[in-house]
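Work through the exercises below with the sequence and the model at hand. Each task is followed by its solution in steps.

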Amino acid sequence: MSADFGRGGRPLNVFITGASSGIGAALVRRYAREGAVIGLVARREDKLNTLVASLPTHAPFTRSRYGIHIADVNDAAALREAALAHMRNFGCPDIVIANAGISAGTLTELQEDLGVFEHILQTNVVGLVATFQPFLEAMKAKRRGTLVAMASVAGVRGLPGAGAYSASKAAAIAYAESLRLEMRHYNVRVVTLAPGYVATPMTRDNPYPMPFLMQPDDFAEAAAKAIARGASFQVIPWRMGVVATLLRLLPNALYDLLFANAPRKPRIDLRKIRHPRLTPRGPATRHGAMRDTATPDTVREAIDAAEADTRPARSPTRRSGDTQPLRD
Ligand SMILES: NC(=O)c1ccc[n+]([C@@H]2O[C@H](COP(=O)([O-])OP(=O)(O)OC[C@H]3O[C@@H](n4cnc5c(N)ncnc54)[C@H](OP(=O)(O)O)[C@@H]3O)[C@@H](O)[C@H]2O)c1
(Lines give C-alpha, C1' and ligand atoms only; values in the text may rest on other atoms or scores of the structure.)
Protein backbone atom coordinates (compact mmCIF):
# COMPACT_ATOMS: atom_id res chain seq x y z
CA MET A 1 0.00 0.00 0.00
CA SER A 2 1.28 3.47 -0.77
CA ALA A 3 1.83 6.24 1.76
CA ASP A 4 -1.10 8.66 1.64
CA PHE A 5 -0.45 11.08 4.48
CA GLY A 6 -1.36 14.71 4.03
CA ARG A 7 -2.00 14.35 0.31
CA GLY A 8 -2.85 17.33 -1.90
CA GLY A 9 -1.02 19.87 0.24
CA ARG A 10 -3.50 19.61 3.12
CA PRO A 11 -2.12 19.14 6.64
CA LEU A 12 -1.90 15.70 8.16
CA ASN A 13 -5.02 14.94 10.22
CA VAL A 14 -4.42 12.98 13.45
CA PHE A 15 -6.73 11.85 16.29
CA ILE A 16 -5.03 10.67 19.52
CA THR A 17 -6.48 9.24 22.73
CA GLY A 18 -4.56 9.44 25.99
CA ALA A 19 -3.20 12.77 24.77
CA SER A 20 -2.92 14.39 28.21
CA SER A 21 0.23 12.61 29.38
CA GLY A 22 3.32 10.58 28.54
CA ILE A 23 3.44 8.94 25.13
CA GLY A 24 0.17 10.51 23.89
CA ALA A 25 1.32 14.04 24.74
CA ALA A 26 4.67 13.38 23.03
CA LEU A 27 2.85 12.17 19.90
CA VAL A 28 0.78 15.36 19.93
CA ARG A 29 3.96 17.47 20.13
CA ARG A 30 5.54 15.38 17.35
CA TYR A 31 2.65 15.79 14.91
CA ALA A 32 2.09 19.44 15.88
CA ARG A 33 5.68 20.20 14.80
CA GLU A 34 4.85 19.11 11.26
CA GLY A 35 1.71 21.25 11.20
CA ALA A 36 -0.89 18.51 11.64
CA VAL A 37 -4.47 19.16 12.70
CA ILE A 38 -4.96 17.11 15.84
CA GLY A 39 -7.89 15.85 17.89
CA LEU A 40 -6.79 15.28 21.49
CA VAL A 41 -8.79 12.97 23.76
CA ALA A 42 -8.42 12.38 27.51
CA ARG A 43 -10.35 12.86 30.75
CA ARG A 44 -8.19 15.63 32.27
CA GLU A 45 -9.14 18.87 30.57
CA ASP A 46 -6.55 20.97 32.42
CA LYS A 47 -3.70 18.80 31.13
CA LEU A 48 -4.99 18.99 27.55
CA ASN A 49 -5.38 22.80 27.78
CA THR A 50 -1.83 23.17 29.12
CA LEU A 51 -0.47 20.94 26.36
CA VAL A 52 -2.29 22.78 23.59
CA ALA A 53 -1.13 26.13 25.00
CA SER A 54 2.47 24.90 24.63
CA LEU A 55 2.12 23.88 20.96
CA PRO A 56 3.50 25.99 18.09
CA THR A 57 1.33 28.95 17.08
CA HIS A 58 3.54 30.86 14.64
CA ALA A 59 2.30 30.80 11.02
CA PRO A 60 1.07 28.52 9.60
CA PHE A 61 0.26 26.99 13.00
CA THR A 62 -2.79 28.22 14.88
CA ARG A 63 -4.64 26.97 17.95
CA SER A 64 -7.64 26.23 15.74
CA ARG A 65 -5.70 23.24 14.44
CA TYR A 66 -6.21 21.49 17.75
CA GLY A 67 -9.52 20.07 18.99
CA ILE A 68 -9.83 19.09 22.65
CA HIS A 69 -12.30 16.33 23.52
CA ILE A 70 -12.91 15.34 27.12
CA ALA A 71 -13.92 11.70 27.00
CA ASP A 72 -13.40 8.44 28.80
CA VAL A 73 -12.49 5.60 26.42
CA ASN A 74 -14.82 3.40 28.47
CA ASP A 75 -17.70 5.60 27.31
CA ALA A 76 -18.28 4.58 23.68
CA ALA A 77 -20.97 7.23 23.15
CA ALA A 78 -18.66 10.03 24.31
CA LEU A 79 -15.87 8.72 22.07
CA ARG A 80 -18.23 8.58 19.09
CA GLU A 81 -19.30 12.17 19.78
CA ALA A 82 -15.63 13.24 19.92
CA ALA A 83 -14.86 11.39 16.67
CA LEU A 84 -17.83 12.92 14.85
CA ALA A 85 -16.96 16.42 16.11
CA HIS A 86 -13.40 15.92 14.90
CA MET A 87 -14.58 14.79 11.45
CA ARG A 88 -17.02 17.73 11.22
CA ASN A 89 -14.19 20.18 11.98
CA PHE A 90 -11.27 18.63 10.15
CA GLY A 91 -12.53 15.76 7.99
CA CYS A 92 -11.63 12.09 8.14
CA PRO A 93 -8.30 11.58 9.94
CA ASP A 94 -5.24 10.16 8.21
CA ILE A 95 -4.16 8.60 11.50
CA VAL A 96 -6.13 7.48 14.58
CA ILE A 97 -3.93 6.51 17.52
CA ALA A 98 -5.68 4.50 20.26
CA ASN A 99 -3.09 5.16 22.93
CA ALA A 100 -5.07 5.61 26.18
CA GLY A 101 -4.20 2.87 28.62
CA ILE A 102 -3.73 1.98 32.26
CA SER A 103 -1.53 -0.40 34.18
CA ALA A 104 -1.37 -1.89 37.67
CA GLY A 105 -0.16 -5.07 39.25
CA THR A 106 -2.93 -7.64 39.82
CA LEU A 107 -3.16 -11.01 41.53
CA THR A 108 -5.78 -13.60 40.61
CA GLU A 109 -5.85 -15.01 44.16
CA LEU A 110 -7.21 -11.70 45.54
CA GLN A 111 -10.95 -11.34 45.17
CA GLU A 112 -10.74 -7.57 45.30
CA ASP A 113 -8.49 -7.52 42.22
CA LEU A 114 -11.28 -8.85 40.01
CA GLY A 115 -12.66 -5.36 39.47
CA VAL A 116 -9.18 -4.10 38.58
CA PHE A 117 -8.84 -6.90 36.00
CA GLU A 118 -12.15 -5.82 34.49
CA HIS A 119 -11.21 -2.15 34.40
CA ILE A 120 -7.79 -2.76 32.82
CA LEU A 121 -9.20 -5.11 30.16
CA GLN A 122 -12.11 -2.77 29.45
CA THR A 123 -9.87 0.29 29.05
CA ASN A 124 -6.96 -1.33 27.21
CA VAL A 125 -8.93 -3.61 24.88
CA VAL A 126 -12.54 -2.46 24.48
CA GLY A 127 -11.26 1.13 24.57
CA LEU A 128 -9.31 0.41 21.37
CA VAL A 129 -12.39 -0.93 19.61
CA ALA A 130 -14.50 2.04 20.74
CA THR A 131 -11.80 4.46 19.54
CA PHE A 132 -11.52 3.00 16.02
CA GLN A 133 -15.16 2.10 15.43
CA PRO A 134 -16.56 5.60 14.67
CA PHE A 135 -13.91 6.20 11.98
CA LEU A 136 -14.15 2.95 10.03
CA GLU A 137 -17.07 3.84 7.78
CA ALA A 138 -15.42 7.10 6.64
CA MET A 139 -11.99 5.50 6.19
CA LYS A 140 -13.41 2.58 4.23
CA ALA A 141 -15.38 4.96 1.98
CA LYS A 142 -12.29 7.08 1.33
CA ARG A 143 -10.10 3.99 1.04
CA ARG A 144 -7.36 5.53 3.11
CA GLY A 145 -6.23 5.96 6.70
CA THR A 146 -4.11 4.34 9.39
CA LEU A 147 -5.35 2.95 12.71
CA VAL A 148 -2.67 2.66 15.39
CA ALA A 149 -3.07 0.36 18.41
CA MET A 150 -0.78 1.06 21.37
CA ALA A 151 0.09 -2.38 22.74
CA SER A 152 3.17 -3.29 24.80
CA VAL A 153 6.06 -5.70 25.01
CA ALA A 154 4.18 -6.92 28.12
CA GLY A 155 1.72 -8.51 25.68
CA VAL A 156 4.38 -10.75 24.11
CA ARG A 157 4.51 -13.11 27.12
CA GLY A 158 2.63 -13.20 30.41
CA LEU A 159 4.44 -11.34 33.19
CA PRO A 160 4.04 -12.40 36.83
CA GLY A 161 1.99 -10.00 38.95
CA ALA A 162 0.68 -8.27 35.82
CA GLY A 163 -1.90 -10.77 34.55
CA ALA A 164 -4.45 -8.10 33.70
CA TYR A 165 -2.02 -5.80 31.91
CA SER A 166 -0.22 -8.61 30.00
CA ALA A 167 -3.56 -10.14 29.01
CA SER A 168 -4.90 -6.76 27.88
CA LYS A 169 -1.87 -6.05 25.71
CA ALA A 170 -1.80 -9.59 24.25
CA ALA A 171 -5.48 -9.08 23.42
CA ALA A 172 -4.69 -5.68 21.90
CA ILE A 173 -2.04 -7.29 19.65
CA ALA A 174 -4.39 -10.07 18.48
CA TYR A 175 -7.35 -7.70 18.05
CA ALA A 176 -5.31 -5.27 15.95
CA GLU A 177 -4.09 -8.15 13.78
CA SER A 178 -7.68 -9.24 13.12
CA LEU A 179 -8.59 -5.66 12.22
CA ARG A 180 -5.54 -5.38 9.96
CA LEU A 181 -6.79 -8.31 7.88
CA GLU A 182 -10.35 -6.97 7.81
CA MET A 183 -9.21 -3.52 6.66
CA ARG A 184 -6.72 -4.73 4.06
CA HIS A 185 -9.34 -4.80 1.30
CA TYR A 186 -10.19 -1.16 1.98
CA ASN A 187 -6.62 0.18 1.85
CA VAL A 188 -6.90 1.11 5.56
CA ARG A 189 -3.74 0.20 7.44
CA VAL A 190 -3.51 -1.05 11.00
CA VAL A 191 -0.24 -0.48 12.85
CA THR A 192 0.48 -2.13 16.21
CA LEU A 193 3.11 -0.42 18.33
CA ALA A 194 4.65 -2.26 21.27
CA PRO A 195 6.64 0.12 23.47
CA GLY A 196 9.36 -1.27 25.72
CA TYR A 197 9.96 1.08 28.66
CA VAL A 198 9.14 4.76 28.22
CA ALA A 199 9.69 7.32 30.99
CA THR A 200 6.11 8.45 31.72
CA PRO A 201 3.89 8.64 34.81
CA MET A 202 2.93 5.00 34.10
CA THR A 203 6.47 3.77 34.75
CA ARG A 204 7.67 6.52 37.10
CA ASP A 205 7.53 4.46 40.28
CA ASN A 206 8.36 1.03 38.88
CA PRO A 207 10.50 -0.61 41.57
CA TYR A 208 12.80 -2.40 39.13
CA PRO A 209 15.40 -1.57 36.46
CA MET A 210 13.92 -0.71 33.07
CA PRO A 211 16.31 -1.69 30.26
CA PHE A 212 16.48 0.56 27.18
CA LEU A 213 14.27 3.18 28.90
CA MET A 214 13.29 5.84 26.33
CA GLN A 215 12.20 9.44 26.68
CA PRO A 216 8.64 10.01 25.38
CA ASP A 217 9.73 12.43 22.63
CA ASP A 218 12.27 9.91 21.29
CA PHE A 219 9.59 7.24 21.38
CA ALA A 220 7.17 9.52 19.51
CA GLU A 221 9.74 10.17 16.78
CA ALA A 222 10.32 6.44 16.24
CA ALA A 223 6.57 5.77 16.43
CA ALA A 224 5.78 8.43 13.80
CA LYS A 225 8.30 6.78 11.44
CA ALA A 226 6.78 3.32 11.98
CA ILE A 227 3.29 4.74 11.41
CA ALA A 228 4.34 6.59 8.23
CA ARG A 229 5.76 3.42 6.70
CA GLY A 230 2.71 1.41 7.74
CA ALA A 231 4.61 -1.15 9.85
CA SER A 232 2.22 -3.95 10.80
CA PHE A 233 3.88 -4.56 14.20
CA GLN A 234 6.75 -2.59 15.65
CA VAL A 235 8.51 -2.89 18.99
CA ILE A 236 10.15 0.39 20.04
CA PRO A 237 13.04 0.65 20.74
CA TRP A 238 14.43 -1.89 18.28
CA ARG A 239 16.75 -3.38 20.93
CA MET A 240 13.68 -4.29 22.98
CA GLY A 241 12.33 -5.83 19.77
CA VAL A 242 15.27 -8.24 19.77
CA VAL A 243 14.51 -9.12 23.41
CA ALA A 244 10.82 -9.61 22.57
CA THR A 245 11.67 -11.93 19.68
CA LEU A 246 13.95 -14.01 21.93
CA LEU A 247 11.31 -14.11 24.67
CA ARG A 248 8.74 -15.39 22.20
CA LEU A 249 11.14 -18.17 21.14
CA LEU A 250 12.06 -19.27 24.69
CA PRO A 251 10.62 -22.68 25.61
CA ASN A 252 8.12 -22.41 28.48
CA ALA A 253 10.34 -24.34 30.91
CA LEU A 254 13.18 -21.87 30.43
CA TYR A 255 10.89 -18.83 30.45
CA ASP A 256 9.35 -20.03 33.74
CA LEU A 257 12.79 -20.47 35.33
CA LEU A 258 13.92 -17.02 34.27
CA PHE A 259 10.74 -15.06 35.02
CA ALA A 260 8.97 -16.70 37.98
CA ASN A 261 10.78 -14.38 40.37
CA ALA A 262 10.85 -11.31 38.16
CA PRO A 263 10.10 -8.05 40.02
CA ARG A 264 6.43 -7.08 39.93
CA LYS A 265 4.40 -4.01 39.14
CA PRO A 266 2.85 -2.60 42.34
CA ARG A 267 -0.87 -3.43 42.64
CA ILE A 268 -3.73 -1.28 43.87
CA ASP A 269 -5.30 -2.48 47.10
CA LEU A 270 -8.86 -1.21 46.92
CA ARG A 271 -9.38 -1.94 50.61
CA LYS A 272 -6.74 0.64 51.51
CA ILE A 273 -8.40 3.37 49.49
CA ARG A 274 -10.80 5.54 51.46
CA HIS A 275 -12.88 8.13 49.66
CA PRO A 276 -16.25 9.78 50.42
CA ARG A 277 -17.63 8.59 47.05
CA LEU A 278 -16.93 4.98 48.05
CA THR A 279 -19.97 4.34 50.15
CA PRO A 280 -20.88 0.68 50.45
CA ARG A 281 -23.88 -0.30 48.33
CA GLY A 282 -24.93 -3.30 50.33
CA PRO A 283 -24.84 -4.49 53.93
CA ALA A 284 -21.34 -4.65 55.36
CA THR A 285 -20.06 -8.13 56.05
CA ARG A 286 -17.33 -9.35 58.33
CA HIS A 287 -15.08 -9.55 55.26
CA GLY A 288 -15.44 -5.81 54.71
CA ALA A 289 -17.99 -3.87 52.70
CA MET A 290 -15.58 -2.91 49.91
CA ARG A 291 -14.73 -6.48 49.13
CA ASP A 292 -18.33 -7.59 48.86
CA THR A 293 -19.80 -4.54 47.17
CA ALA A 294 -17.07 -3.61 44.66
CA THR A 295 -18.76 -3.09 41.30
CA PRO A 296 -17.13 -1.81 38.11
CA ASP A 297 -18.33 1.67 39.14
CA THR A 298 -16.83 1.51 42.60
CA VAL A 299 -13.58 0.14 41.21
CA ARG A 300 -13.42 3.01 38.75
CA GLU A 301 -14.21 5.51 41.48
CA ALA A 302 -11.56 3.97 43.71
CA ILE A 303 -8.99 4.24 40.95
CA ASP A 304 -9.91 7.87 40.28
CA ALA A 305 -9.80 8.57 44.01
CA ALA A 306 -6.40 6.91 44.28
CA GLU A 307 -5.09 9.00 41.42
CA ALA A 308 -6.50 12.22 42.81
CA ASP A 309 -5.97 11.83 46.52
CA THR A 310 -3.49 9.20 47.48
CA ARG A 311 -0.61 9.49 45.03
CA PRO A 312 2.37 8.56 47.18
CA ALA A 313 5.65 10.43 47.20
CA ARG A 314 8.19 8.90 44.82
CA SER A 315 10.12 6.21 46.55
CA PRO A 316 13.08 4.55 44.90
CA THR A 317 12.97 1.94 47.66
CA ARG A 318 9.34 0.88 46.96
CA ARG A 319 9.11 -2.89 47.20
CA SER A 320 7.35 -5.23 44.85
CA GLY A 321 3.84 -5.89 46.18
CA ASP A 322 3.46 -2.37 47.65
CA THR A 323 0.41 -0.54 46.40
CA GLN A 324 0.15 2.67 44.44
CA PRO A 325 -2.27 4.58 42.20
CA LEU A 326 -3.13 3.01 38.88
CA ARG A 327 -1.32 5.38 36.54
CA ASP A 328 2.09 4.91 38.22
N1 LIG B 1 5.27 3.96 29.49
C2 LIG B 1 5.62 2.75 29.09
O3 LIG B 1 6.74 2.25 29.37
C4 LIG B 1 4.69 1.93 28.24
C5 LIG B 1 5.14 0.66 27.82
C6 LIG B 1 4.30 -0.12 27.04
C7 LIG B 1 3.05 0.35 26.67
N8 LIG B 1 2.63 1.58 27.09
C9 LIG B 1 1.29 2.01 26.67
O10 LIG B 1 1.34 3.32 26.14
C11 LIG B 1 0.09 3.99 26.37
C12 LIG B 1 0.35 5.33 27.02
O13 LIG B 1 0.98 5.10 28.28
P14 LIG B 1 1.84 6.22 29.03
O15 LIG B 1 3.07 5.55 29.49
O16 LIG B 1 1.94 7.44 28.21
O17 LIG B 1 0.93 6.43 30.33
P18 LIG B 1 0.39 7.75 31.05
O19 LIG B 1 1.43 8.80 31.05
O20 LIG B 1 -0.17 7.27 32.33
O21 LIG B 1 -0.80 8.22 30.09
C22 LIG B 1 -1.96 7.47 29.96
C23 LIG B 1 -2.91 8.28 29.12
O24 LIG B 1 -4.11 7.52 28.95
C25 LIG B 1 -5.21 8.32 29.31
N26 LIG B 1 -6.27 7.49 29.84
C27 LIG B 1 -6.19 6.52 30.77
N28 LIG B 1 -7.39 6.00 31.02
C29 LIG B 1 -8.26 6.65 30.21
C30 LIG B 1 -9.64 6.58 30.00
N31 LIG B 1 -10.41 5.70 30.67
N32 LIG B 1 -10.21 7.40 29.09
C33 LIG B 1 -9.46 8.30 28.41
N34 LIG B 1 -8.14 8.41 28.56
C35 LIG B 1 -7.55 7.61 29.46
C36 LIG B 1 -4.68 9.31 30.34
O37 LIG B 1 -5.45 10.50 30.31
P38 LIG B 1 -6.47 11.00 31.45
O39 LIG B 1 -6.03 10.39 32.75
O40 LIG B 1 -6.37 12.49 31.39
O41 LIG B 1 -7.79 10.50 30.96
C42 LIG B 1 -3.29 9.59 29.79
O43 LIG B 1 -3.35 10.60 28.81
C44 LIG B 1 -0.73 3.03 27.24
O45 LIG B 1 -1.62 2.30 26.43
C46 LIG B 1 0.31 2.10 27.82
O47 LIG B 1 -0.21 0.84 28.19
C48 LIG B 1 3.40 2.37 27.87
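**Exercise 1.** Find which residues A82 is in contact with, leaving aside its neighbours within four places in sequence.

Solution. Two residues are in contact if their C-beta atoms, placed from the backbone, lie within 7 Å. By this test A82 is in contact with G39, V41, H69 and A71. Residues are numbered from 1 along each chain as its sequence is written. The model is predicted: local features need pLDDT of at least 70, side-chain atom pairs count only at pLDDT 80 or more, and totals for chains, interfaces and linings use all residues.

**Exercise 2.** Decide whether A82 is buried or exposed.

Solution. A residue is buried if 20 or more other C-beta atoms, placed from the backbone, lie within 10 Å of its own, exposed if 12 or fewer, and partly exposed in between. A82 has 24 other C-beta atoms within 10 Å, so A82 is buried. A82 belongs to helix α3, residues 76-90 (helices are DSSP runs of H or I, at least four residues; strands are runs of E, at least two; both are numbered from the N terminus).

**Exercise 3.** State the strand order of the open sheet and name its edge strands.

Solution. Strands pair if DSSP finds at least two bridges between them. The seven strands run in the order β3-β2-β1-β4-β5-β6-β7, with parallel pairing. β3 (66-70) and β7 (233-236) are the edge strands, each pairing on one side only.

**Exercise 4.** Describe how β6 is joined to β7.

Solution. Strand β6 (residues 189-195) runs parallel to β7, and four bridges join them. L193 has Q234 in β7 as its bridge partner.
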